[in-house]
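Here are my notes on this model. Please read them with the structure open.

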There are 2 protein chains.
Amino acid sequence: MTKAYAAQSETSELAPHPIERRELRSDDVAIDITYCGVCHTDIHYAENDWGGTIYPVVPGHEIIGKVTAVGDNVKGFKVGDSVGVGCMVDSCRECSSCEQGLEQYCLNGMVPTYNGEDLHDKSVTYGGYSEKIVVSDRFVVRVPEKLDPAKAAPLLCAGITTYSPLRHFGVKEGHKVGVIGMGGLGHMGVKFAKAMGAEVTIFTRSESKVAEAKRQGADNVIISTDDEQMEAAAETFDFLLDTVPVQHDLNPYINCLKVDGTHILVGLLEPVDPALQAGALVMKRRVLAGSLIGGIPETQEMLDFCAEHNIHCDVEMLDIQNINEAFVRMKKGDVKYRFVIDMDTLKQS
Amino acid sequence: MTKAYAAQSETSELAPHPIERRELRSDDVAIDITYCGVCHTDIHYAENDWGGTIYPVVPGHEIIGKVTAVGDNVKGFKVGDSVGVGCMVDSCRECSSCEQGLEQYCLNGMVPTYNGEDLHDKSVTYGGYSEKIVVSDRFVVRVPEKLDPAKAAPLLCAGITTYSPLRHFGVKEGHKVGVIGMGGLGHMGVKFAKAMGAEVTIFTRSESKVAEAKRQGADNVIISTDDEQMEAAAETFDFLLDTVPVQHDLNPYINCLKVDGTHILVGLLEPVDPALQAGALVMKRRVLAGSLIGGIPETQEMLDFCAEHNIHCDVEMLDIQNINEAFVRMKKGDVKYRFVIDMDTLKQS
């Protein structure tokens, strides 16, 4: 398996193309990257788990940096601004989804931050494990001063992926929200749901994680492998935010939803196995829903919400030279809760 | 298999209990039944398909009749009123569902119109294949004068089961609604969605049903067994009302939903097989939802809506003496679209 991301981080004698960023178009923002979060998706692309990786690949879609230049028509950003770039760098901008600010659901397909194809020159897009990036202003968000930029990086993926569905499906004060999974996404889900006024329960498989769940701010913890605890929780939740990215039995969780409750999937666990018991939806008018990251206006809203509520991601800082070790640790679930690369270490290499 | 429902309809020398209706309680309404629709559920109970049938059983939960007496505290009904009774005759009235008028989701369990247990005296409830019924006023609805009472009977189950989710999930003018299945429920779904201003498509397995689907008022027809037609319909529907009561592959239908589209199940098809592809929910923020009949206030709203929009059920009239034959025909899907028993034929027997 070619690991171009590693090759790039270990030598400064690279072919110029992946590092050189394009000349500024009129709507472009040039960014010096200061921090980049490490998402599990980065591993899947680096190792071509899903097929379709175009090597050399430069992963990274949780990008924080400073504006170094802007194109002629850019009004919203100026040199020196602290900005972020998430999972997308372009979309058609004309379809019904784009018109609603839901670029992630662009009917013509959004352009991912890396391993995508630029809509103008058909070049491959390269992500945030890099010194610089050039992105159209529509896909750049402002990072509020109150946020620690390193701890803000993972908000651009892990943050918006959990914030967006909680907002869209209507989590409000007094709701009971369960968060399934305690990883990078799950721990952000807890923070957001708490800040929205909900009573939050973490579902975890292991008794050993109860203390950590409470430290994360959960009001309650349910051991999902304990049938008695799961039965006792029947029909008590308004929302479940399911961040588990692998196949698991949805039925015991759906049983925990009240009438009109909503189980939100943000991981790709297809197909659903064991089989979904549809009667549990019908008998209580429950909803099973999915959600993918979030749109650009909502990403800005989320960052502002984080500044207002003093929310950040729990991170472990990483030198780019240790990225391979970080990948190994992430595969074991050994990170609390997101690695963030200090991009100065790339410049020093 | 005991067929008590048949025995009852074939002899007038019955034990008095099932036919005798209780003395009026202060909130009771006594009703002389004029018409009763025949629901597939009636067959399941009569033949004990689901277990739990208490014989003798008197099926029927699509009841229309005239008030003959009312209890001391009944304010909303008087002798001579044209009224209806649907699938429920009581509930706890105190839980959060009951407080919202969602008695079908009563947290303490609603009392079904037949084969249920009366909350006061623990007697078994008996349904509408009968001369009379006595029901608490909260569970009685008013039948608008404009409605043909025979054609209104199936509105109390087939009608409300399709009206309620279309309303609850927000079908409005301009939406594209697909109705899956062309039976008693499906044909009502078409009428309601049309009256709500939607463009309606019927999904049917057979080319032979296209003309009938158009006659029902469908703007379009898609042959669901034709992969090309299904592919062409990808991402074009806001709502799908799935009335198919047996297992079927949901995935090709969910693929027909737009971003934020909703697939509504009203049949009990559990477990979902073939497996649900959860990614199709996540990638487009789609929703899979269930819905069960409807609450009492909404049932009244539905009847008023039918009067306003001149909506009724397509029925075949039936003498009670032919109920067994009707059951046989229903099992073959041979009815357009609901049998309704003329209860005068019971009095004549």
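1. Between chain B and chain A the count of salt bridges is 0. The criterion is a side-chain nitrogen of Lys or Arg within 4 Å of a carboxyl oxygen of Asp or Glu.

2. A word on the basis. This is a predicted model, in which local features need pLDDT of at least 70 and side-chain atom pairs count only at pLDDT 80 or more, while totals for chains, interfaces and linings use all residues; side-chain values use heavy atoms, with hydrogens and water left out. Residues are numbered from 1 along each chain as its sequence is written, and chains are lettered from A in the order in which they are written.

3. Polar contacts do cross the interface. The rule finds 7 residue pairs between chain B and chain A, both at pLDDT 80 or more. A polar contact is a pair of N or O atoms within 3.5 Å; within protein, one must be able to donate a hydrogen and the other to accept it, and residues adjacent in sequence count only if both atoms are side-chain atoms.

4. Which elements of chain B each supply at least two residues of the side that touches chain A? They are α6 (158–168), β12 (257–265), α11 (279–282) and β13 (287–290). β13(B) gives the most, with 4 residues. Helices (H or I, at least four residues) and strands (E, at least two) are DSSP runs, numbered from the N terminus.

5. Now the extent. 35 residues of chain B are in contact (heavy atoms within 4.5 Å) with 35 residues of chain A. The buried area is about 3,000 Å², and carbon and sulfur atoms give 66% of that. Buried area is the accessible area (1.4 Å probe) that two parts lose on being put together, summed over both.

6. Leu276(A) touches residues of both chains. Its contacts include Leu250(A), Ile254(A), Pro271(B), Val272(B) and Leu276(B), not counting residues up to four places away in sequence.

7. Thr162(B), in helix α6 of chain B, is buried, with a relative accessible area of 0%. Thr34(A), in strand β1 (residues 28–38) of chain A, is partly exposed at 24%. Buried means under 20% relative accessible area, exposed over 50%, partly exposed in between (1.4 Å probe, protein chains only).

8. Their contacts, leaving aside neighbours within four places in sequence, are as follows. Thr162(B) is in contact with Leu185(B), Met188(B), Gly189(B), Phe192(B), Leu241(B) and Thr243(B). Thr34(A) touches Ile64(A), Gly65(A), Ile341(A), Asp342(A), Met343(A) and Asp344(A).
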